[in-house]
Amino acid sequence: MLLFLDSANLTEIRTALAWGVLAGVTTNPTLVAREGRRDFENFVRELSALVPGPVNAEVTAGDADGMVRQGRELAALGANVVVKLPCTWEGLAACRRLAEAGVPTNVTLVFSVNQGLLAARAGAAYVSPFVGRLDDAGHDGLQLVRDLVRLYNQHGIATKVLAASLRHPRHVTEAALAGAHIGTMPFDTLRQLVRHPLTDAGLERFMADWRQLNS
Ligand code: E4P
């Protein structure tokens with residue numbers, strides 16, 4: 001499973017890139033608003049230049065024509081831009097049209113297997129099941145990831161499962177073991193992945209022994 005950062009914060013993205021594990025970035029209108037970036041086009045251009053992998057930027061139009069227009073504009077900002085579209089009939093129609101124009105798409109806000117099937121049949125390159133939000137609503141978000149991986153394998157579908165709304169390290173572990181192609185997570189979740197008390201204790205011991213040898 002590739003690791004993406006779910007963030008519109010350039011400092012976080014630069015830090016994660018320097019860690020050497022980051023394969024791409026997802027954003028959404030909430031994350032962009034949180035950073036106060038009104039210059040959305042410049043922001044996407046900046047992100048596209050900074051990140052060597054896919055950069056996901058979401059449309060905000062409500063109808064398919066508007067989404068296609070926005071999608072084409074976003075895609076023109078960088079060769080690695082992936083256009084995020086909501087899982088609605090308008091979003092799916094836009095997905096089909098953008099896919100036929102060669103623009104990679106990510107159908108987002110996916111909460112059911114049927115939505116994942118529709119996204120794939122509309123030509124989505126990626127589908128984003130929202131694990132944490134399903135958990136919040138009392139469902140099993142990770143089960144949807146497992147089901148989508150199975151569904152796509154069973155039917156030879158090339159759409160990639162991008163497990164989204166991963167809120168803690170256990171989500172990441174389970175999504176990876178379920179066979180998700182990509183997991184996207186906030187900076188704090190990514191930061192936690194490296195932590196283990198035995199690593200800290202082991203390192204402390206190594207350093208103490210080393211200091212003693214050299215004292
Ligand atoms: C993914 O593309 C979404 O931006 C994201 O994972 C949503 O996460 P949240 O449910 O924690 O807001």
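This is a predicted model: local features need pLDDT of at least 70, side-chain atom pairs count only at pLDDT 80 or more; totals for chains, interfaces and linings use all residues.
Local features need pLDDT of at least 70, side-chain atom pairs count only at pLDDT 80 or more, and totals for chains, interfaces and linings use all residues. Residues are numbered from 1 along each chain as its sequence is written, and side-chain values use heavy atoms, with hydrogens and water left out.

**Largest pocket**

- The largest pocket holds about 370 Å³ of space; a pocket is an open set of points on a 1 Å grid over the protein atoms alone, where a 1.4 Å probe fits, with protein on both sides within 12 Å along at least five of seven lines.
- Of its 26 lining residues, Asp6, Asn28, Leu31, Arg34 and Pro186 are the closest to the centre; lining residues have an atom within 4 Å of a point.
- At least two lining residues come from each of α2 (29-34), β5 (105-110), β8 (182-185) and α10 (187-192), and α2 gives the most, with three.
- Helices (H or I, at least four residues) and strands (E, at least two) are DSSP runs.
- The lining comprises nine nonpolar, nine polar and eight charged residues, where Asp, Glu, Lys and Arg count as charged.

**Cysteines**

- The whole structure contains zero disulfides, a disulfide being a pair of cysteine sulfur atoms within 2.5 Å.
- The sulfur of Cys87 lies 9.1 Å from that of Cys95, its closest cysteine sulfur, which is too far for a bond.

Notes. Grid points are joined across faces, edges and corners, and a volume is the space filled by probe spheres set on the points.
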